[in-house]
Amino acid sequence: MKVTCVNYLLGPGPLASVQNTTFHAKPCAPPQEALALCLVATSTGTPDSITLHGLLRLLASPAVALRSHGTPPELSLTSPAFYDPHTPLEGLPGAILLGIGLHPAGPATAGVVRSAATAGFGALVIKQYSQDLGQIIAVADQSGIALLVVDDEMGWRQLDALLDSALTASAEAGNSLST
């Protein structure tokens with residue numbers, strides 16, 4: 001059995017169930033700190049990806065929401081990558097691009113969405129920053145990339161660790177969490 005813990009505010013109850021394995025959130029830190037998400041799974045395989053649907057089921061949180069409309073739930077996602085405005089996007093098929101500093105209505109955001117889709121990224125994560133998402137959702141839909149929006153209060157390192165844990169839990173469970 002492997003336990004992976006990440007600091008993440010979460011409610012009680014099961015997060016997902018895969019092949020006789022149930023993922024639960026349980027306290028792993030003193031009450032004054034954030035509730036830590038502990039993903040418990042048995043190791044039977046080593047896939048290096050998770051489906052979009054599986055990721056959303058495993059996270060099971062309103063803190064991370066899918067906002068684009070045309071992305072298939074069976075889309076295979078791989079490891080997170082960080083957006084750097086001073087470095088060209090490299091082809092990372094299925095990677096999840098963390099759009100640090102991108103604002104939905106920002107002048108560069110639509111171009112980053114298109115470039116990420118062209119480079120093969122499976123998803124782009126941004127924060128809403130109390131801005132309208134309509135235009136950027138349309139660009140993501142036209143580009144064929146999943147647009148995930150995370151709560152403004154969630155730290156990028158916290159999200160990165162959470163995504164890594166979801167991928168690890170998927171690998172440890174030996175299943176893509178697609179059901």
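Predicted model: local features only at pLDDT ≥ 70, side-chain atom pairs only at ≥ 80, totals over all residues.
Local features need pLDDT of at least 70, side-chain atom pairs count only at pLDDT 80 or more, and totals for chains, interfaces and linings use all residues. Residues are numbered from 1 along each chain as its sequence is written, and side-chain values use heavy atoms, with hydrogens and water left out.

Start with helix α1 (residues 52–59) and helix α4 (residues 156–173). Helices here are DSSP runs of H or I, at least four residues, numbered from the N terminus. The axes of α1 and α4 come within 10 Å and cross at roughly 110°. Axes are lines fitted to C-alpha atoms over the stretch in contact, and angles run from 0 to 180 degrees between N-to-C directions. So α1 is roughly perpendicular to α4 (65 to 115 degrees). The crossing is right-handed: the near helix is turned clockwise from the far one by less than a right angle.

From α1, Leu55, Leu58 and Leu59 meet Leu162, Leu163, Ala166 and Ala169 of α4. Contact means heavy atoms within 4.5 Å. By class, this contact has seven nonpolar, no polar and no charged residues. Ala and Leu are among the nonpolar types, Asp, Glu, Lys and Arg count as charged, and the others, Gly among them, as polar.

Now turn to helix α2 (residues 109–118) and helix α3 (residues 134–143). Their axes come within 9 Å and cross at roughly 20°. That makes α2 roughly parallel to α3 (under 35 degrees). This crossing is right-handed. Thr109, Ala110, Val113, Arg114 and Ala117 in α2 meet Ile136, Val139, Ala140 and Ser143 in α3. The contact of α2 with α3 holds six nonpolar, two polar and one charged residues.

Terms used
Helix = DSSP H or I, 4+ residues; strand = E, 2+ residues; numbered from the N terminus. Parallel < 35°, antiparallel > 145°, perpendicular 65-115°, else oblique.
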